[in-house]
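Here is a short report for a first look at this structure.

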Amino acid sequence: MPPATSGASQATMPTDARIQPSPTTGNPTTPETADRRHRPGDRAFRRANLALFAAGVATFVLLYSTQGLLPILSADLGLTPGQASWTASAATLGLALALLPASALSDRYGRTAVMTASMLAASALALALPFAPDLTTLVVLRVLQGAALAGLPATAMAYLAEEIHPSALASAMGLYVAGNSIGGMGGRLLSGWAAAAWGWRWGLAASAALALLAALAFRLLIPAARNFRPAPVDARALARTVGAHLRNPLLVRLYALALLFMAVFGAVYNTIGYRLIAAPFDLPQSVAASIFVVYLVGTATSAAAGRLTGRLGRRGALYVAIGVTAAGLLLSLGDSLLRTLLGLVLITGGFFAGHATASSSVGRTATHGRAQASALYLIAYYLGNSLGGTVGADAYHSVGWDGAAAVGLTAMTLAAGVTLYATRQAVRARRGVTVDTLGA
């Protein structure tokens, strides 16, 4: 999830209060321009909200369309879990690699143009997926599809920040996040159920059809941008900003946490389907595909993460998220279906709480280039999904569920180490030794 927690890019405020930078491009906007932003009650406001909701659905339907199909792909194509998992990991890998270029293109050619091209290109590739003759073709198409999809998470928040009045921005972003959640869950469920009935090719076709409808709805609904002003792509300036972020130890730790939390999520959800259809559970494929309903737990825990942070601080909230995730992994060991399901609930809740806490720290930590800081967070996030999903599937193939759980526990141990180091640095900061903290 998400994936949808990147946050809108922001710029530092100038000394002249009469002319303010655009929230995403830094281009000057006058109060009259700001007044042109869509407000609640406006027809354009409703259309923008519905369009971005549809965009979120389309993006995450396509991004995770194969995750619910992995056991069927293995059976039909004679693949190991590790080989089949590449169909899921390839898309997130392609997305991660294309995020920064997509954000730069949106600054040059416009938010709506990049988002429209992104969804239509990804939907066209989705229509080709059911005809893939072998694993290699399927993986290549998924890499291309992920790269095409990068235009949405790299641009959607920027569009909202530019076009929606600040008083309604939180609710608009909330609806976009809801579209991400529903698309992520719905894509897995739809493809899994269709595949259980008619095979994996029909599962992919069903996802493609839903995503194409959502993409067309986006194109019909999205209001024309009022406040976007094109800016030239400055590769050197972009490289300097990225380099500065990667030299910031606070941000690097947040990126490490993004990778580690998502590695757990990828390892668990790339292999849980295999476990549920195998002995001793022997669940039907259609029932096993329904396990992704647990994804809804993340909606509640993401919202609760803010309250938890208010009580315990950011590092305290991270310790809780790490502990809950690790407890879920340990609970899922053994042959009890109830314990496995309860463990999955804890893993999902802990992951979303940790992700929400870490991602919200990026905007506070970055003092400039917040769009690039958020993009780097998402790159680490999706790389973690690709890495954890593939390594977890290989571990499952070698030693079963205990292997996948061990991958997750290793990641959480490393995350605890990162957070403990940040805590020690914060203690030293209070003693006047250093000012290095975890986004505090």
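## The largest cavity

About 50 Å³ of space lies in the largest cavity of this predicted model. Two elements each give two or more residues to its lining: helix H11 (249-277) and helix H12 (285-289). A search of the whole structure turns up two cavities of 30 Å³ or more.

Which residues line the largest cavity? They are Gln67, Gly68, Pro71, Tyr269, Ile272, Gly273, Gln285, Ala288, Ala289, Ile291 and Phe292. By class, seven of the lining residues are nonpolar and four are polar. No charged residue is part of the lining.

## The nonpolar core

The largest nonpolar core holds 108 residues. Leu52, Leu63, Phe218, Phe261, Val268, Tyr269 and Tyr382 touch the most other members. Helix H11 gives the most to this core, with 16 residues.

What does Phe261 contact, leaving aside its neighbours within four places in sequence? Its partners are Leu318, Ala321, Ile322, Thr325, Gly350, Phe351, Gly354 and Met412.

## The whole protein

The protein has 440 residues, and 56% of them are buried. Its secondary structure comes to 16 helices and two strands.

Take the contacts with a separation of 6 or more: residues 24 or more positions apart account for 80% of them. The protein exposes about 17300 Å². Carbon and sulfur atoms supply 66% of that area.

Note on methods: Residues are numbered from 1 along each chain as its sequence is written. This is a predicted model: local features need pLDDT of at least 70, side-chain atom pairs count only at pLDDT 80 or more; totals for chains, interfaces and linings use all residues. Side-chain values use heavy atoms; hydrogens and water are left out. On a 1 Å grid over the protein atoms alone, a cavity is a set of points where a 1.4 Å probe fits but cannot get out, and a pocket is an open set with protein on both sides within 12 Å along at least five of seven lines; lining residues have an atom within 4 Å of a point. Grid points are joined across faces, edges and corners, and a volume is the space filled by probe spheres set on the points. Helices (H or I, at least four residues) and strands (E, at least two) are DSSP runs, numbered from the N terminus. Ala, Val, Leu, Ile, Met, Phe, Trp, Tyr, Cys and Pro count as nonpolar, Asp, Glu, Lys and Arg as charged, and the others, Gly among them, as polar. Buried means under 20% relative accessible area, exposed over 50%, partly exposed in between (1.4 Å probe, protein chains only). Contact means heavy atoms within 4.5 Å. Accessible areas come from the Shrake-Rupley method with a 1.4 Å probe; for residues, only the protein chains shown count as cover. A nonpolar core is a set of buried Ala, Val, Leu, Ile, Met, Phe, Trp, Tyr and Cys residues joined through side-chain atoms within 4.5 Å.
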